[in-house]
Every structure is written in C-alpha cells, then in structure tokens.
Amino acid sequence: MEHAIIAKDVHKTYRSGFLGRRQTYALRGIDLAVKKGELFGLLGRNGAGKTTLLNIFSCQLLPDSGSVSILGTDITKHNYSRVKNRLNMCSGSPNFPWSLTVEENLKFYALLYGKCGRECAKTTSYCLETFGLQEYRKTRYDQLSSGNKQKLALAKSLINDPEVLFLDEPTIGLDPDIAKKIRTFVQTIHREQKLTIILTTHYMKEAQELCERIAFIKNGQIQAIGTNREILDITHARDLEEAFIELAE
Amino acid sequence: MRVILRRRSLNWLSKTYAFAYRNYIFAKRNFFAFTEILFWPIVGLLSVGIMGDFLNLQENTLAFILTGAITAGVLQVVQLDVSYSLLYDIWSKSIKHTFLAPINQFDYIVGSWVVGMLRGAIVFVLLVLFSANAFAFSMPGVLPTLFFLTGVFLSALIIGMMVCLLILLYGQRVEVTAWSLSTLSMLVSGIYYPVSFLPKPFLLFAYLIPLTHFLEYYRAWYGFPPVFSHSLLTGLALSGLYIAVFFALLRFAFERARRTGMILRLSE
C-alpha cells in the first residue's frame with residue numbers, strides 16, 4: 001500500500017538562550033510510515049514530541065536531520081511549497097483573526113488556498129453547512145464559544161480539500177458533548193473523504209475509538225507502534241490507558 | 001501553456017486578494033485604524049501648519065514643511081498596512097495557520113500594500129484639501145504629484161518589508177519598529193528641512209534612503225534645488241533595488257523561522 005507520510009531518522013533540537021546554548025531535544029530519530037487513507041494516532045505525555053512531529057509534517061518546522069516525505073515530496077528540500085496545497089491542520093484551542101466573522105475567516109483561508117470567485121463561495125458555504133456554523137456566519141471569531149471555535153478550526157482545515165489532515169488535540173478543553181460531535185465529524189470525514197489523518201490526543205478513549213494505528217512517543221522517540229490490539233499485546237495492558245501509563249513510565 | 005499561466009495568475013491574485021481583504025476588514029472594524037487615517041495625520045499637519053503661520057514663513061517655505069507633514073501622514077499609514085500583514089496574525093496568534101497555506105512573501109506583502117495605498121491615497125487627498133483650505137497650500141501639478149505619491153508608497157513598502165523581516169527574525173519583541181522605523185527614516189530623509197542641514201556623516205544615509213530623493217524631487221517644484229542629482233530616477237532605482245533585496249531576505253527569513261520554530265512561537 002502507498003504511504004502518505006514517510007519519516008526517516010528525524011531529529012529536532014530547540015535552541016534558546018544566549019547563542020542558543022540551551023538545547024531541548026524534541027525528537028531523537030523518529031522513523032514512521034503512515035499509509036494513505038489511514039487514521040493514525042500519536043500519543044505521549046506533554047513535551048514528548050507529538051506536536052513537534054506534526055509541525056514538521058505540516059511544513060512549519062524543519063528537522064535538524066533526517067528526511068520527511070509527504071505524498072511523495074521531500075519537505076526538507078526547497079520544493080515543498082506545492083504539497084502544502086494538499087494538507088491542512090486543526091489545532092486544539094485554535095486562534096484565528098479575531099476581527100473577522102466565521103464566514104470571513106473561512107473566505108480568507110479559502111482565498112489563501114487559491115480558491116476565488118464561485119469556488120470560494122461554494123467551499124465556504126459547504127464548510128459552514130457541514131459543521132453547523134450557518135447561524136454563526138456573521139459572528140465575529142472573538143465572540144464564539146470554545147466549541148464553535150473548534151468547529152471553525154475543523155471547517156478551516158477542510159477548506160482546501162486536503163489529502164492529509166493533522167489534528168493536534170482537537171477536543172482538548174471541550175465539553176463532552178461537543179467533543180463527541182467533533183469525534184463524529186472526524187470519523188465521518190475520514191470515512192467519506194478517505195483522508196489520511198494524523199491525530200494527537202491525551203484522551204485514550206478517543207484514540208481507541210478513532211485510530212486504526214497508534215504510536216507512543218516518549219522523549220522524542222517512538223516507544224511502540226501498532227494497532228490497538230498490538231499495543232495492548234506488547235504492553236500486556238487491559239486498555240490504552242494502562243498501556244499509556246506503562247509506556248510513559 | 002496559456003491555461004497554466006492563467007491558472008497561476010488567478011492563484012496568485014487570489015492569495016494576494018486574501019491579505020487585501022483581511023486588512024480591509026481590520027481597517028473597517030477597528031477604531032485605531034480609523035485614527036491612523038484621520039486623527040494623527042491631521043494633528044501632525046495642524047501643528048506644523050500653525051507653527052509655520054507663527055513663524056511668518058514665506059509661501060514656498062510653508063509649502064516645504066507642509067509637504068513634509070503630508071508625507072509623514074501618508075508614509076506612516078501605508079507602511080503600517082504592510083507591517084500589519086504579519087502583525088495582525090501575530091496579535092491574533094493565527095500566523096501558523098496563515099503560513100500553513102501555500103503562500104509566499106509576495107502574496108502577503110503585495111496584498112497588504114494594496115490596501116495601504118488605498119488608505120494612503122485617502123489620507124493624501126484629505127491632507128491636501130485640509131492644508132489648501134487652512135494654509136493656502138497648492139500642489140505643483142498632477143503629474144509631479146503622482147510621481148511623488150508613487151515614491152512615498154514605494155518608500156512605505158520598503159519600511160513595511162523591513163519591519164516584517166525583523167519580526168520574522170526576532171519575533172514580536174521588535175514590533176515597536178512598525179512605529180519607529182518610519183519616524184527614523186523621516187528624520188534622516190529631511191522631512192521638514194533640506195538634507196544639507198543634516199550633520200555631514202548623515203548625508204550618506206540620507207542619500208541611501210529613497211524618500212530623500214522623492215521629497216527633493218517634489219520640493220524642487222516649489223523652488224528648492226535638490227541636494228542630490230537626478231532625484232526621481234535615483235529614488236526609483238534605489239526603491240527597485242531595496243524591494244528586490246527585501247523580497248529575497250523575507251524568503252530567507254521565512255526558511256530560518258521554519259528552522260528555529262519562530263513561526264510557531266509567534267502563534268503561542
């Protein structure tokens with residue numbers, strides 16, 4: 001089966017302080033391959049390196065060494081710009097231009113992906129409808145509830161019909177009913193649009209419910225990778241929560 | 001081939017329009033953007049004009065300093081719009097989403113500059129009308145004025161690009177340059193005085209700033225001979241050079257920001 005993402009020996013260190021003397025090792029030799037159309041979960045403690053890895057995959061961060069291929073394009077080289085058209089990202093606790101309404105925000109991002117005129121209007125209204133944001137279309141972003149902000153973030157992440165979607169803790173801090181709706185949206189778009197989705201989450205139940213395969217990251221390294229069943233077998237745990245505790249220790 | 005070119009042009013126009021659209025909405029909805037157009041430029045013009053009256057300046061000398069006040073108002077508004085191309089995103093912590101899209105430095109700079117020029121043109125017309133009524137100011141002619149205004153817009157573009165470059169390199173702590181760089185460049189380019197009055201070591205800096213040449217070109221129409229020769233041509237040549245260099249530097253700064261994680265830090 002074809003792979004959407006192939007990462008080989010990826011390293012990333014953050015440097016800060018005077019002359020970059022303080023170093024934080026975020027990733028230490030990540031090897032990962034995600035199949036096209038797969039819903040893949042990245043789990044790990046805070047600071048384990050999940051978000052750094054997603055940021056590298058989404059072309060926002062350059063690794064220090066190693067190679068990353070997204071949909072056949074090596075994004076560590078200079079010709080990565082075109083592949084950006086084929087991916088998108090949704091973060092938990094999202095932020096968008098606060099003066100713009102929901103509709104204007106979606107229009108802004110649609111235009112950024114080269115959709116203009118009728119195509120832009122069609123995409124915007126499709127996203128508003130799909131995520132139940134029609135009644136908030138004239139509401140400014142800073143006046144939205146957390147749940148609706150998250151829905152907008154998801155709507156924005158589909159604005160360019162991506163082939164690969166990165167979801168960075170999409171249900172963090174949301175009420176259980178809204179979180180459930182978001183999970184249903186994710187399942188639906190994955191099923192209907194055959195998207196490759198990489199999801200990071202702290203909720204084991206969410207990972208168990210959504211992900212076909214999971215990788216556990218600890219201190220910038222992959223500790224375990226496999227299906228739910230395989231992870232439970234490796235760790236001799238009863239559920240993912242127990243497996244998480246076992247692997248995080 | 002023609003279809004590909006057409007699609008690429010539409011794609012670029014769409015991305016450029018995105019930034020123009022966003023800047024326009026911000027300008028429309030935020031009170032501070034309104035004060036940038038009306039309040040500060042008129043306050044600046046009034047204080048300079050009244051000072052001119054008090055000093056009993058001759059008509060052409062008064063025109064000299066009023067040109068400076070009008071330029072200051074227009075330059076600041078236009079360069080702020082270019083600087084806002086990144087600052088709006090930084091203030092709303094959404095810059096990572098913007099740079100997640102397949103955009104480049106031409107898209108966000110040109111899109112924001114277009115709105116800046118519109119706002120700048122409004123400021124220019126208002127200030128000229130106001131100074132004509134209040135201080136009997138008159139323009140030398142349509143063509144020289146259009147050339148001059150183009151020069152001011154280009155100067156503002158360069159300053160705005162420099163602000164964006166500094167932000168990408170050093171982060172939000174240098175956002176103050178959005179307000180200070182233009183003031184500094186006005187000081188050296190002889191905004192209210194001929195550059196010959198500057199201390200000798202500053203003359204070279206004055207020569208290197210395109211705004212100096214555009215001001216000299218316009219003021220020559222009021223009878224003030226330029227200190228440097230070929231004002232308009234020199235101003236345009238320097239502007240072209242700086243714009244090309246800054247576009248290349250912005251590209252470099254973005255790749256550096258991608259390596260250091262600056263874009264992500266600006267979103268936190």
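In this predicted model, Cys164(B) touches Ser83(B), Ser85(B), Leu86(B), Ile109(B) and Leu250(B), leaving aside residues up to four places away in sequence, where contact requires C-beta atoms, placed from the backbone, to lie within 7 Å. Residues are numbered from 1 along each chain as its sequence is written, and chains are lettered from A in the order in which they are written. Local features need pLDDT of at least 70 and side-chain atom pairs count only at pLDDT 80 or more, whereas totals for chains, interfaces and linings use all residues.

Cys164(B) is also among the residues with the most contacts inside the largest nonpolar core, which has 154 residues, others including Phe57(A) and Leu66(B). Such a core is a set of buried Ala, Val, Leu, Ile, Met, Phe, Trp, Tyr and Cys residues joined through C-beta atoms within 7 Å, and buried means that 20 or more other C-beta atoms lie within 10 Å of the residue's own. Helix α4 (residues 59–91) of chain B gives the most to this core, with 18 residues; helices are DSSP runs of H or I with at least four residues, and strands are runs of E with at least two.

Strand β1 (residues 3–16) of chain A is joined to β2(A) by 11 bridges, and Val10(A) stands opposite Ile30(A) in β2(A).

Methods. Buried ≥ 20, exposed ≤ 12 C-beta atoms within 10 Å, placed from the backbone. Contact = placed C-beta atoms within 7 Å. Pairing = 2+ DSSP bridges.
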